[in-house]
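Morning, everyone. Please bring up the sequence and the model, and keep both in view while I talk.

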Amino acid sequence: MSDIKTQYYSPVATREATLFVVDNRKKPIMIALDGDMTLGREYPQSDCDIRLHSDIVTRRHGEFIYDDSDDSFYYVDNNSTNGTFINGRKLLAYNERGSKAVRLNDGDIIRIDRKLLSNPHPQSVLMIFSRSFKSDEQWTAVNTANNNSITIGRGERNFIRLEDMMASREHAVIKKAGDAMYIHDCNSQNGILVNGQRIGASSMVFNHDVIRIANTMLVIMGDTIVFNNPGERAGTLSVHIRAKTVNFGKKTLIKDIDFEADHGDFILILGGSGAGKTTLVNAILGDGKADGDVILDGQNLYANFKTMKSQIGLVPQFVNLRLNDKVNQTLLDIADIKLDRRFYSKSDKIKRVNDVMDKVGVTNLQNHLIRQLSGGQKKKVSVAAQLVGFQKVFICDEPDSGLDAASRVQQMEILKEIADNGKIVMVISHEPDDAVNEETKEILFTKVLVLAKSSTDNCGKLAFFGAPEDALKYFGVERLQDIMKEINPPHEGGKGRADLYINKYYASKRGGMNE
């Protein structure tokens, strides 16, 4: 019988979920998703929460289901007449009630249409699920009827000019040939997705297709293209690893790893020797691909590694600021390293540095020498140095190693501020209890991820993922560092409870959170 007491969990913070809808009204509509919601055709007696103007939508076509345990949404097609497509794949009937529930990721494209999406029905419906759109998101409509060559990019001469710094100056061109349309990639840095799938050099596009260029969505609506200009988007990272094996599948290092991180998360990774911390980090980086998916803002890292690798990166150490250089020159030098000159001009780099200095709050220090700055101001510049690039996920493997206590605290404060600037920061640390606010003594981490080695199959699994205060209660300890004593084997000075906590965690994910 377990001697672990019933635990209590902080509620998961909810994030805004929005549905971008285009139906027979021919005008984009933004709908806030709030819990479970039904979807169906608009008619006088309809009681559906989301009512679509289209004759090909059934009266009760599908359902959005909210899971409050991890703040996620699922979609189910109710065995409708015309069905539902998600990212180009039609949902199949699972039983007499409907399809299997499909978990939705930011940017997923939902269509109600004919079997061939390349020949869309006149009353087809397009929906985009988003955790990053705002309900008041601004969209621009451009009429393209009299233009057979529609250039898209960040440069001033483009027909559709994007304010997205991750877009290339000349990113793409849509060309018309009779009734056909083709989109061509102009050797861009970050590529192009059409309906959630990355294209090569070119691809045909059709009415209601969704083009994604960096952070920007463009929707084809006949002779009109509707697009947003979101600027720099914050990230959401979903990790779903079924297994990571070596020796041609003979040995499994980690398995059944599922968690989701949101922008602003500062995550501590804990795990004993052989539990798989490095394996997990490499899987997230894409350097050691696992059987599963790593999804950042709706894009699969493994499928799009070439264009996405710069957005998830390992931070082996912090930039050593040169004391006799000015702040702005220091950041411009870093911009020269991080921003490829093929896609970013000198003026682009200056603009990026100015934007980052403004965001971090060091614009007034730009002409100061680094040695003239206070300790707090140097930390701000260190944060700015990390933000100059467009990395959304920062992974740090023991950034506090070999440092004294004061320096460890300083490093953790820098990392926390990077997270506070809308990034995801994940840290492996052997001194996690140094990561506290010096004034309030509150833990800086927002989440704790614990890996433990199972004795049943000798591989690493999740033993906990959640808020740090919940982690302390869950393991019955007063310090984060003491979690390791609970899960490490006796020969390493631990209590050997890895299996107990692994089983308890997976039971909680199946609905048995309290025992």
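I will go through the ground rules, then helices, strands, rings and a few single residues.

This is a predicted model, so local features need pLDDT of at least 70, side-chain atom pairs count only at pLDDT 80 or more, and totals for chains, interfaces and linings use all residues. Residues are numbered from 1 along each chain as its sequence is written, and side-chain values use heavy atoms, with hydrogens and water left out.

Helices first. Helices here are DSSP runs of H or I with at least four residues, strands are runs of E with at least two, and both are numbered from the N terminus. Take α4, residues 346-360. The expected span of a helix is 1.5 Å times one less than its number of residues. For the 15 residues of α4 that gives 21 Å, and the end C-alpha atoms are 21 Å apart, so the two agree.

Which residues of α4 are buried? Buried means under 20% relative accessible area, exposed means over 50%, and partly exposed is in between, with a 1.4 Å probe and protein chains only. On that rule the buried residues of α4 are Asp-348, Lys-349, Arg-352, Val-353, Val-356, Met-357 and Val-360. Seen down the axis of α4, they fall within an arc of 165°, so they line one face of the helix. That arc is taken over the directions from the helix axis to the C-beta atoms.

Contact here means heavy atoms within 4.5 Å. Just after α4, Gly-361 takes a positive phi of about 90°.

Now α3. Its twelve residues should span 16 Å, and its end C-alpha atoms are 17 Å apart, which agrees. Its buried residues include Val-327, Leu-331 and Ile-334. The buried residues of α3 pack against α4 and α5.

On to strands. Two strands pair if DSSP finds at least two bridges between them. Look at β6, residues 72-77. Five of its six residues are buried, so β6 is largely enclosed by the rest of the structure. β6 pairs with β5 (residues 62-67) in the antiparallel sense, over six bridges. Within that pairing, Phe-64 has Tyr-75 of β6 as its bridge partner. The hairpin of β5 and β6 has four residues between the strands, and Asp-71 there takes a positive phi near 55°. β6 also pairs antiparallel with β9 (residues 102-103), over two bridges.

Next, an open sheet. Six strands run in the order β12-β22-β21-β20-β17-β18, with antiparallel pairing. β12 (139-143) and β18 (197-198) stand at the edges with a single partner strand each, so one side of each has no neighbour in the sheet. Inside the order, four bridges join β20 (residues 210-213) to β21 (residues 216-221). Ala-214 lies in the loop between β20 and β21. Its phi is near 55°, positive in a residue other than glycine. Is Ala-214 buried or exposed? At 8% relative accessibility, Ala-214 counts as buried.

Compare Asn-187, in the loop between β16 (180-185) and β17 (193-194). Phi of Asn-187 is near 55°, again positive and not in a glycine. Asn-187 counts as exposed, at 69% relative accessibility.

Rings now. Rings of Phe, Tyr and Trp (its six-membered ring) pair if their centres lie within 6.5 Å; planes under 30 degrees apart count as stacked, over 60 as edge-to-face and the rest as tilted. The count comes to 14 aromatic pairs. One is Tyr-66 with Phe-73, tilted, at 4.9 Å centre to centre and 45° between the planes. Phe-73 is buried, at 2% relative accessible area. Tyr-505 and Tyr-506 have ring centres 5.7 Å apart and planes at 80°, so that pair is edge-to-face. Both are buried. Ring pairs also link Phe-464, Tyr-474, Phe-475 and Tyr-501 into a cluster.

Last, Lys-255, in strand β24 (residues 251-262). Lys-255 is partly exposed, with a relative accessible area of 25%. Leaving aside neighbours within four places in sequence, its contacts include Ile-241, Asp-457 and Tyr-506.
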